[in-house]
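Trainee: I would like to learn how to read a protein model. Can we take it feature by feature?

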Amino acid sequence: MSEHPEPAAPAPGATRLALVSDCGSCFGLCCVALAYAKSADFAIDKPAGKPCPNLQQDFRCGIHRELRTSGFQGCTVYDCFGAGQKVSQQTFEGRDWRTAPETAASMFAVFPVMRQLHELLWYVTEALALPKAGPVHAELRAALEETEAFTALAPEALAGLDVPAHRGRVNQLLLRASELVRADFKGRKKDRRGADLMGARLKGADLRGANLRGAFLIAADLRGADLRLADLIGADFRDARLAGADLTEAFFLTQAQLNAAKGDATTKLPPSLTRPAHW
């Protein structure tokens, strides 16, 4: 097991609100720190550490309302789980990389680490809200406190974290929680973990209790499918057709996954997520 720097005392329990992106409190970190390549999702190539040409001096996007029509669909899908404002306002105490350029390299290195930690906080917080995962709640609470403590580390310590090792330990708990939640479907639940379901014809499919972790559902037809109590962690929903699908009790589903999909007013969503504006 890899050793981590000694974390500070845990912050108050993570809430879903704290894990929702607040771009107005961020220094445009996803528009600077991350790299992207010209593709169907991005109109241009941009290396890591270089500001996007659409980023304005006030750290707002100059084409926010036209991102999809301007070739920047990838920006509308990305979600930092609140890591941007955490790095901007807490880790660097409100100093931005423009007025304090000496912080830039460290800030850009820390941002993707914080993003991974916040994503874990999202999943663990959700698992703690699942009554049937009760047998692992104590371990999940410990994992939540440890992860929160890591987010409070100084920039140098954050950059040196062995996030994959920590993520692996937490993922084992999330797997156990998933099995407990889906236990009612024993004998009939579908294990499609990591399955290649690109373009699959799953219209009206009964996928209740399915394990769809990391499944490739790109452009899959899931219209009218029943995905209640399905584990959707890491499933790729890009251009998946979700009109009429029931996702009300699906778990480990994120806003980014929904933003990448194609649903409509008849798609049933979990109460913690919002219907994308482009649906």
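Mentor: We go from the fold to its cores. This is a predicted model, where local features need pLDDT of at least 70, side-chain atom pairs count only at pLDDT 80 or more, and totals for chains, interfaces and linings use all residues. Residues are numbered from 1 along each chain as its sequence is written, and side-chain values use heavy atoms, with hydrogens and water left out.

Trainee: How many helices and strands does the protein chain have?

Mentor: Helices (H or I, at least four residues) and strands (E, at least two) are DSSP runs, numbered from the N terminus. Here there are 7 helices and 0 strands.

Trainee: What is the radius of gyration of the protein chain?

Mentor: The radius is taken over C-alpha atoms, and the globule rule is 2.2 Å times the number of residues to the power 0.38. The protein chain has 19 Å, close to the 19 Å from the rule for 279 residues, so it is as compact as a globular protein of that length.

Trainee: What share of the residues is buried?

Mentor: Buried means under 20% relative accessible area (1.4 Å probe, protein chains only). Buried residues are 48% of the 279.

Trainee: Which residues have the most contacts inside the largest nonpolar core?

Mentor: In soluble globular proteins, nonpolar side chains tend to be buried together. A nonpolar core joins buried Ala, Val, Leu, Ile, Met, Phe, Trp, Tyr and Cys residues through side-chain atoms within 4.5 Å. The largest has 52 residues, and Leu174, Leu217, Leu222, Leu232, Phe237 and Leu247 have the most contacts inside it. Helix 3 gives the most to this core, with 6 residues. Apart from it lies another core of 25 residues, including Ala33 and Leu55.

Conventions: Buried means under 20% relative accessible area, exposed over 50%, partly exposed in between (1.4 Å probe, protein chains only).
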